[in-house]
Amino acid sequence: MTERERRAPSERADVCVVGAGPAGALAAHRLAERGRDVVMLEAGERFDFEDRQRRMERAIRPGHGPLSVWEMGGERDRFTAGDGRFYPLNAARVKGVGGTTLHWQGMVMRFHESDFEAWPIDYDDLRPYYAEAEQALGVAGADDNPYAPPREEPFPLPAFAPSHSDSIFAEACERLGVTMHSVPNARNSEGYDGRSACVGYGTCKPVCPSGAKYSADHHVEKAEEEGVRVVTRAPVQRLEHDDAGERVTAAVYATPDGETHRQEAREFVLAAGGVEIPRLLLLSNSEQYPDGLANSSGAVGRYFMDHLFAGMGGTLDRETRQNHVGFITSECHQFYDAPTRGTEGRAGGVPEWSRERGEPKPDSIKLEFLNYAGPSPVEMALSGEEWGDDLLETLREGYGNSIAMGGLVGQRPQKENRIELDPSTTDDHGNPVPKIHWRVDDRTEASLRRANRIQRAILDELGVDISWTVGPADTGPAFHHMGTTRMGEDASESVVNPQLRTHDLRNLSVASSSVFRTSGALNPTLTIAALSLKAADHIDERL
């Protein structure tokens, strides 16, 4: 079969899925298992698994830029910044089979029950899908988090043991009355589903050479075994609809030979993430939808949210074994649902828990105990200019006693935070690029300051010589794109209904964190996976 034939549209398809990341992969696999004919359109390429060690070297060696690890950048990936802070969109996304799970950290928590208070669905609606998603991804975890939502079934895999630096933090946290607990990880603590156990490369973000960390290309392959057809390097340019404006009829996609094709289907699923999904809908404007497809509410692209990072670190006069583990093994959700809660530890608790005078009510806070504080010895050696004994002495003096905490706080949905089209800048196909308007409001800044106060109290209790802080002034995103096609029962203020189908078009669904009503402060991928399985079930019922 020629390249042209491989990228030609299928003559018959029940479902067309746009995007081959975790949401698209899980939805396609679920529908194919139910006997549906599915086509996936992916803008990027299929990466060779055997090439991952070379990509790891790109990540480590200073001669390579960070975007080169997964070949991001250039005309295809252009974007612009609007009002507020600059948003570094390309720093943590990947276009290709597997999507950003090729690059992600791999932490997978269920949202707390309180996170769903503003949603048209609740935790119990997603509870069975959470369990299925944990089985699909192969989550290693333990039921030791007293603040987590209720669960009945055990995790598929045992949790990773706490790291050495976690044990150092535990001493101070016990004295202060701060609860540490394990972190569910989508990486194998033992062999699972044909993938090996973690072997400790420590380069989890941006690349896992062993494949022990879950990536969605795994489920794309499973989907293909069930008959799904995957078309790569086929960016969708627009969606077309029928004369009545009630159903999508085709996804128009481009191929490397300069041709465009129309993939018709009975149902369509958008699974290309919280930036590209609203961009595609806005690009698909028509006479019936002059402001963009599925945008009668005006909410497409609006309410863009992310998680903001708070951190602090320094050095101890003891060995911390920094960078021996490339992922987080312990966290604290104690201040998640009640961020101003006090503590009753033997040392009298952490000071300044409560809201400071004049500060707004805080948002959720998730605290992280970082296992990868400070540079690795490889990084120090490759980035320095010393050799031989001089280099050895520098490594002995400068490595091994760094320690740090991190944390995430959520953003409230703000209408002015949004994705729109920028016609002044175009991509490699001449389409306007996404323009990101992103501000951090006073409430989020107050939550970041509060997270820093908690972190300082713990590090001071440890006796850390604090040398750096990331707080409100210099915070950055966690690259969790949420909220741009929000879910709701009211079609006048939301884009999709509780079944993940758009209000305006009867056969168009969205499987993405773009449907989130609120952001919480927890990594979103497990909730994305659960919503994707839910969306697939509703699509199957309609078919």
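Let me start with a definition: the axes I'll mention are lines fitted to C-alpha atoms, for helices over the stretch in contact. Keep in mind that this is a predicted model.

First, a helix pair. Helix H5, residues 164-176, packs with helix H10, residues 442-462. The angle is about 110°, and the axes are 9 Å apart. Angles of 65 to 115 degrees count as roughly perpendicular, so H5 is roughly perpendicular to H10.

Who makes the contact? On the H5 side: Ile-168, Phe-169, Ala-172, Cys-173, Arg-175 and Leu-176. On the H10 side: Ala-457, Ile-458, Leu-459, Glu-461 and Leu-462. By class, that contact of H5 with H10 has nine nonpolar residues, two charged and no polar.

Now the cavities. How many turn up at 30 Å³ or more? Searching the whole structure gives two.

The largest cavity holds about 200 Å³ of space. Its lining has 20 residues. Nearest the centre of the largest cavity are Asn-145, Ala-148, Arg-151, Phe-155 and Pro-184.

Which residues line the second largest cavity? Ser-165, Thr-320, Arg-321, Gln-322, Leu-370, Asn-371, Ala-373, Ser-402, Ile-403 and Ala-404. Strand S16, residues 402-410, gives the most to this lining, with three residues. The classes here are five polar, four nonpolar and one charged.

Note on methods. Residues numbered from 1 in each chain as written. Predicted model: local features only at pLDDT ≥ 70, side-chain atom pairs only at ≥ 80, totals over all residues. Heavy atoms only, no water. 1 Å grid on protein atoms, 1.4 Å probe; cavity = no way out; pocket = protein on both sides within 12 Å on 5 of 7 lines; lining within 4 Å. Points joined across faces, edges and corners; volume = space filled by probe spheres on them. Helix = DSSP H or I, 4+ residues; strand = E, 2+ residues; numbered from the N terminus. Nonpolar A, V, L, I, M, F, W, Y, C, P; charged D, E, K, R; others polar. Axes fitted to C-alpha atoms, helices over the stretch in contact; angles between N-to-C directions. Parallel < 35°, antiparallel > 145°, perpendicular 65-115°, else oblique. Contact = heavy atoms within 4.5 Å.
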